[in-house]
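Here are some notes to read alongside the model. Keep the viewer open and look up each part as it comes along.

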Amino acid sequence: MSLWLQPGAQAQWRRHYRHLRDRRGATPPTAVLLTLAWAVAWCFLPLESGRWQSLLSSHSGGFTHLQRRRPGIADPLRYGLQFLWLLLVRPRRSHAARASRRERFKPLARARGFLYPRANKVAQRVERHLRPALSTFEGDNPDGSAATRNTRWLLILMGGTTAILMLLVITQPFTLPAQALFSVLLWIIALIVRRLPGRFSTLILVVLSLTVSCRYLWWRYTSTLNWDDGLDMTFGLLLLGAETYSWLVLILGYFQTLWPLNRKPVSLPEDTREWPSVDLMIPTYNESLEVVRPTVLAALGLDWPKDKINIYLLDDGKRAAFRDFAADVGVGYITRDDNNHAKAGNLNHALTVTQGDYIAIFDCDHVPQRSFLQMTMGWFLKDPKLGLIQTPHHFFSPDPFERNLDRFRRMPNEGTLFYGLVQDGNDLWDAAFFCGSCAVLKRRAIEAIGGFAVETVTEDAHTSLRLHRKGFTSAYLRIPQAAGLATESVSAHIGQRIRWARGMVQIFRLDNPLFGPGLRLSQRLCYVNAMLHFLAGVPRLIFLTAPLAFLLLHAYIIYAPAVLLLAFVIPHMLHSGLTNSHIQGRYRHSFWSEVYDTVLAWYIALPTTVALINPRKGKFNVTAKGGLVDRQYFDWSISRPYLLLILLNLSGVVAAIWRLQSGPADEIPTVLVSLVWVFYNLVILGGAIAVAAEARQVRRNHRVSITLPGAVQLPGGYAYPCTLQDYAEGGLGIVLPAAGLVNVGDTLTLLLQRGQQEHAFAARVVNASGERAGLELEKMPLAKHVDYIQCTFARADTWSLWRDDLPADRPMKSMIDVVCLGFEGYRRLFQHAPRVVRAPVSWLGSFIPQRPHEAS
Amino acid sequence: MDAEKSFNSAVQNKLKKYDEDISSLLENSDLTEFDYRNLAQLDRLKAIGTRWPLLAELTLSQREPFA
Amino acid sequence: MICVAVQGCRGGTGASSIVAGLAQALVNAGERVLCIDLDPHNLLRLHFNHDWRDGHGWANAVNNGQTWHTAAFALGSHLHFLPYGHSDIDVTPTNILHGDDWRQRLKELDEDAYRWVLLDLPASSCAQDHFPADVTLTVVHADPACHALLAKRQFQENDYLLINHFAPSSLLQNDLYTLWQAQYSDCLLPWAIHQDEAMFEALAHKRSVTAYRSDCLAAQGIRNLAAWLLARHEEAA
């Protein structure tokens with residue numbers, strides 16, 4: 001070798017080889033081959049020149065991703081491909097540069113800048129004219145005053161007129177251009193109206209959406225069914241059934257949420273001796289004492305006269321530790337001989353051994369704020385017919401969606417829609433129902449209906465249905481007054497929803513709210529909608545597979561030209577999306593319902609169908625809480641049905657490509673529409689899959705993050721202010737004003753303020769890094785412990801503060817979010833796939849050239 | 001001047017946070033009319049009166065917070 | 001010009017430390033401040049790194065027939081302070097604290113020279129009449145002695161109570177605090193200055209606590225006080 005090589009070059013070869021072997025971990029044959037390849041390249045290219053060097057440099061060059069991976073035999077090919085790619089593409093720009101480009105040319109943005117102010121001006125002018133008329137509607141006084149009654153009559157009158165006109169509009173057949181023009185006009189009206197403030201605009205949007213959707217459904221029923229072909233007919237009817245279901249839920253949903261009541265609490269009498277007595281019941285079955293303890297201690301701190309409140313721990317688990325704990329803290333402890341009828345039975349038994357006028361019920365993991373009773377009880381004294389007042393279930397730990405998708409407190413969670421809007425809407429119709437916890441019921445009312453309902457697995461909704469039938473009213477107070485643990489895993493979440501779904505369908509069969517005595521029409525509709533909601537499983541599965549009927553089986557499920565279908569279905573989707581975003585935007589972001597529903601669809605489809613057929617089957621299953629997902633994993637068993645659906649949809653894509661290539665030309669629009677539908681399904685299924693990748697949970701005690709001022713006193717007598725960042729039952733995290741103030745193992749006194757009072761707690765530093773420190777509380781006497789809960793979990797303002805900082809709904813952004821989520825799902829699926837699948841795919845993937853970032 | 005103003009408002013906000021949690025709840029929920037009874041505080045005052053004879057004696061000779 | 005008088009409810013409540021800290025906190029907020037030590041113990045100056053042996057002050061200036069403000073010292077451009085002064089012959093004329101004299105004297109000052117004049121008054125004695133100031137802060141400890149002294153006191157419109165050296169771990173202190181919140185709700189400031197070693201160390205370093213450890217809890221309490229004063233007089237202005 002030394003014969004025909006310069007000694008310098010020889011040394012370079014050796015250096016390159018050693019670098020590959022030692023630094024990058026290449027095997028000897030690979031290193032030899034690559035060194036040779038490098039040498040060949042070197043012969044033809046001036047690799048030592050400055051420009052090549054900068055291109056190859058590992059910081060900003062275009063080959064960074066290749067230089068990071070372990071060298072392989074095929075590397076020359078990779079470098080070659082990447083080189084060609086670099087010749088073709090421009091480097092990716094930094095964020096700032098991209099933003100400035102966007103400023104420069106964007107006809108869309110400019111058009112928007114032109115149109116929006118004008119639309120706003122129109123909206124403002126309309127509003128100015130309507131304002132005097134509007135203001136008469138918009139007082140929301142919940143009592144049955146003359147004004148409200150007039151408003152209601154006016155509403156009914158208006159509704160009647162619109163209904164007649166709408167009937168005309170809905171049934172009028174249009175040609176394609178006419179339908180398109182009609183849709184565009186309505187859409188423009190909607191876009192202008194939605195900028196009007198207040199409820200009137202919501203009303204108009206609802207009417208527009210109803211018009212368009214009813215028209216769509218009418219058209220579907222009258223002119224899209226092929227009665228001649230059995231296959232077409234079967235699939236077509238299935239799809240039409242599912243669409244009818246969605247339409248019904250849409251309409252009932254509008255009805256339910258049109259006018260949220262937003263009830264305010266009523267003050268109690270001056271003299272506390274007139275306040276009623278309350279039994280606070282905490283049913284428990286198998287939850288750990290750590291979960292129950294904060295609830296009981298918080299109950300002890302409720303601001304209610306001590307002689308008028310009794311706290312009972314209803315232990316169906318009959319555990320000695322619980323009995324001792326109850327005795328220690330001085331609360332009642334109730335057990336029974338059997339465990340019949342689970343929670344409802346437990347409560348019914350407790351009713352027989354207690355005497356309070358009212359019964360407050362808390363699930364054992366729902367920690368009440370000290371203001372709970374004062375905020376709720378006023379209504380009972382004001383309205384003697386009131387049987388129930390319900391407050392939201394608020395969760396301080398992330399639910400599985402929030403945790404696995406990393407969305408905790410970044411957008412409204414799954415429950416926000418129900419507790420923020422639906423219950424408040426129900427309340428207007430006097431149909432707010434009992435949710436099992438964080439509620440107060442009147443004993444006399446419960447006794448009048450013969451105790452808590454035991455026939456179904458959702459005793460809560462059934463109990464309130466019976467209360468309503470007996471003529472009692474219900475109330476909903478939207479201010480969170482308690483907070484608890486969310487279910488900790490997707491499977492537990494699904495289990496809980498299966499129970500709810502089964503229970504609601506059981507009620508639907510056994511005590512159908514549409515029939516039977518004592519209910520007003522509005523109440524019937526609200527209850528029916530709540531139950532229908534849980535029947536969403538089968539229709540959702542139909543939507544997820546419907547396009548396959550055409551792509552795979554060539555069944556014309558919608559017997560109409562694709563363009564005409566688009567002219568009908570797009571307005572339907574746009575209007576319902578816009579209207580729902582307008583009504584629900586603060587409580588649920590657009591498109592997320594699809595993800596939530598899809599995750600549940602498969603699992604509730606069967607139990608609800610079974611319960612529809614045989615409502616007496618099925619038993620109560622307890623929702624597991626307070627557990628710990630201690631490692632990251634992919635819940636394969638949960639996601640199996642979705643993998644199947646994904647495979648089906650993928651085969652639909654293949655079939656679509658085949659049909660595009662070899663099918664008749666006149667089918668191409670239909671194929672394309674189906675393909676879009678399949679892709680939409682794939683995105684939503686991707687989102688559902690993403691949820692199944694369980695993120696790891698770090699601590700057993702769920703830490704609640706918060707920003708609260710506090711202070712610490714250190715052993716030497718020094719004291720510093722600090723900010724409380726998170727807290728749990730046994731420990732807290734704080735931020736000190738400077739680093740190095742505390743060391744691990746130090747004992748200190750933590751000062752927390754609640755109200756005008758300051759409490760000192762002994763604590764030990766368990767970890768410290770920079771300005772942050774983690775504290776563990778020392779053992780403390782009962783009174784101190786109650787104080788601690790009062791300073792943290794039971795603070796009256798904590799949960800009401802939480803709702804403020806959520807971003808508003810932006811439908812387009814939300815759609816992009818969901819699409820990204822879909823892709824994320826496939827990425828996670830791939831990450832957790834078995835090696836056999838993953839290795840060849842990632843090897844193939846390594847050849848894909850990557851777009852470099854522009855050097856900053 | 002601006003810096004000074006922001007200093008004021010920053011510290012004021014901090015002071016507000018030290019305030020009663022109930023008042024912040026009522027403010028957030030737009031319930032300025034609501035008559036909340038700080039029973040815990042009243043209970044405490046009663047306990048203080050029985051715990052420290054001097055305090056009770058002095059206070060009773062003036063106004064009556066233990067009432 | 002806003003005149004703030006700070007007075008201990010009894011001796012040893014740490015009023016001087018609060019005056020020094022408050023002056024520094026106000027200066028940090030961009031205010032111009034004059035501190036005047038009206039306490040014959042003449043200790044306030046030590047918080048401003050003043051020489052122990054330097055006996056200059058307004059009292060001996062007045063005694064020697066000079067104008068009262070000749071003995072003022074500057075600490076930066078925004079903070080001036082005037083020690084009480086001491087001489088070898090121990091003369092403390094009783095009329096020297098007479099409020100009306102001081103009203104007269106402060107009038108001599110240029111209205112725009114200072115926004116705040118902080119007066120460190122000697123601990124209150126029963127005989128003393130009310131000192132003319134825009135705000136009078138009475139510094140108390142949450143202890144039974146102060147409680148007893150307060151019981152005899154009449155509060156006027158601009159009188160406020162400020163708790164110093166507050167230790168929340170003490171049951172008695174906490175109870176007194178709660179009691180006072182109920183009893184003196186109009187004049188008790190809604191926060192306390194906590195017990196904090198840094199408060200004493202600051203004097204040992206001849207500095208105000210705000211300058212010595214601005215991040216400690218006592219300094220935070222004093223900052224709250226400064227912010228409260230600023231807010232109170234922003235509204236007035």
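1. Let's start with one residue, B:Asn38. Leaving aside its neighbours within four places in sequence, B:Asn38 is in contact with A:Asp303, A:Gly755 and B:Ile22. Here, two residues are in contact if their C-beta atoms, placed from the backbone, lie within 7 Å.

2. Before going on, some ground rules. This is a predicted model, where local features need pLDDT of at least 70, side-chain atom pairs count only at pLDDT 80 or more, and totals for chains, interfaces and linings use all residues. Residues are numbered from 1 along each chain as its sequence is written, while chains are lettered from A and ligands numbered from 1 in the order in which they are written.

3. Where does B:Asn38 sit in chain B? Look in the loop between α2 and α3 of chain B; helices (H or I, at least four residues) and strands (E, at least two) are DSSP runs, numbered from the N terminus. The C-alpha atoms of B:Asn38 and B:Ile22 are 8.8 Å apart, although 16 residues separate the two along the chain.

4. Now zoom out to where the chains meet: 19 residues of chain B are in contact with 20 residues of chain A. On the chain B side, α1 (2-17), α2 (21-28) and α3 (39-51) each give two or more residues. The largest share, 5 residues, comes from α2(B).

5. Over in chain A, have a look at the open sheet of 7 strands, in the order β3-β2-β1-β4-β8-β6-β9 with mixed pairing. Two strands pair if DSSP finds at least two bridges between them. β3 (332-334) and β9 (473-476) of chain A are at the edges with a single partner strand each, so one side of each has no neighbour in the sheet.

6. Finally, how confident is the predictor? The complex gets an ipTM of 0.91 and a pTM of 0.81. For chain C, the mean pLDDT (the predictor's confidence in each residue, from 0 to 100) is 86, and 92% of its residues reach 70 or more.
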